[in-house]
Amino acid sequence: MNLWFEAQERCDWLPPAGEFQTLKDVRFLHRGIHPLPTILAESYFPFYLFRAHRHVDPKAEIAVTPAAIDGEDDELWRSLQSTLKGIATRISQGEQVHYIGSLEYREGIPVRRWDFSSWARLGKPILREFSTPAAQSVRIWIDNAAPEIPHPQRRRWHRSSPWWRPNEVIHEPFERILALAASSIQTLTRTGAAVTLSLTSDESGVPLRCEAGGDPSELLIALATVERVQPSAQSPRQISRWTQALQAGKDETMFIFSCRRRADVTVDVPETASWVTDYDMQICGDISGEAPAKPQTQDGAT
């Protein structure tokens with residue numbers, strides 16, 4: 001028989017209990033968990049005298065992660081990416097290794113570094129002992145409490161059009177910060193840093209972690225399923241948990257991705273944290289709620 005799949009892939013002959021494989025590209029316009037579309041199979045048996053078609057439901061879902069950022073045309077992402085690469089390089093070089101003390105060499109002890117001055121003074125081999133580098137990570141917070149943005153009114157002929165879908169309103173600033181966070185996770189894990197991902201409005205409070213050089217799929221899938229909430233919908237428990245977590249990790253390298261300005265958030269953010277919105281990135285210690293003064297030249301011109 002002749003068997004067609006989606007009117008493009010043709011299987012000229014399929015024996016009993018045989019198999020046929022074909023590869024299809026599926027494109028989704030928005031992030032999230034989407035079901036795979038049904039597959040149309042058409043058979044013409046025998047000799048094109050009859051035509052039978054069947055819709056096969058794959059009964060499977062796929063996670064569509066936020067779209068990647070184009071580094072060539074995005075000035076904010078270029079600045080953020082440069083900062084992330086510098087942080088990952090410092091972490092991978094092992095700056096957190098410290099000298100613990102000295103010990104006498106015994107057979108079977110791994111030799112890390114000879115202490116020749118102590119060896120010459122004591123007349124026996126002495127080794128310097130160093131701490132094992134701790135697994136250091138970059139903490140990424142997603143502030144999924146984002147206020148509504150005004151949308152222009154559609155004309156009457158738009159509302160009567162079959163393409164008009166009032167329920168499919170995309171919050172562009174929120175999708176933008178998720179895209180920045182997804183690209184940041186990939187940059188950090190590829191350049192030698194571990195990443196810990198947390199959400200501000202999450203009742204479980206369990207962060208996700210990806211080691212340096214690991215597969216960040218779990219973190220990216222979490223970004224695919226993040227839902228936006230209204231700032232007024234945040235419970236006092238969530239705000240308190242977020243504040244405690246920020247203060248507990250104030251010594252960590254931290255990036256907070258938010259649609260809100262730092263001045264509009266009531267939690268106490270460490271001064272070393274980086275506050276990233278959909279249009280700029282600033283260090284929290286430099287944010288005072290006022291617009292920065294314009295630099296002046298020697299002749300007084302701004």
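W141 and W242 are both buried, where buried means under 20% relative accessible area, exposed means over 50%, and partly exposed is anything in between (1.4 Å probe, protein chains only). Keep in mind that this is a predicted model, in which local features need pLDDT of at least 70, side-chain atom pairs count only at pLDDT 80 or more, and totals for chains, interfaces and linings use all residues. Residues are numbered from 1 along each chain as its sequence is written, and side-chain values use heavy atoms, with hydrogens and water left out.

**Ring pairs**

You'll find 2 aromatic pairs here. For a pair, ring centres of Phe, Tyr or Trp (its six-membered ring) must lie within 6.5 Å; planes under 30 degrees apart are stacked, over 60 edge-to-face, and the rest tilted.

| Pair | Centre to centre | Angle of planes | Type |
|---|---|---|---|
| F116 and W119 | 6.2 Å | 15° | stacked |
| W141 and W242 | 6.2 Å | 45° | tilted |

F116 and W119, by contrast, share helix α2 (residues 116–122), 3 residues apart, or about one turn of the helix. Helices (H or I, at least four residues) and strands (E, at least two) are DSSP runs, numbered from the N terminus. How exposed is F116? F116 has a relative accessible area of 54%, so it counts as exposed. W119 has 32%, so it is partly exposed.

There's also a charge to spot: the charged end of R262 sits over the ring of W275, 5.9 Å from its centre. The rule asks for NZ of Lys or CZ of Arg within 6 Å of the ring centre and within 35 degrees of the ring normal.

**The nonpolar core**

In soluble globular proteins, nonpolar side chains tend to be buried together. A nonpolar core is a set of buried Ala, Val, Leu, Ile, Met, Phe, Trp, Tyr and Cys residues joined through side-chain atoms within 4.5 Å. Which residues touch the most other members of the largest core? They are L223 and F257, out of 34 residues. Helix α4 gives the most to this core, with 9 residues. Apart from it lies another core of 11 residues, including W141 and V267.

**Cysteines**

C210 is buried at 4% relative accessible area, and C259 is buried at 16%. The disulfide count is 0, a disulfide being a pair of cysteine sulfur atoms within 2.5 Å.
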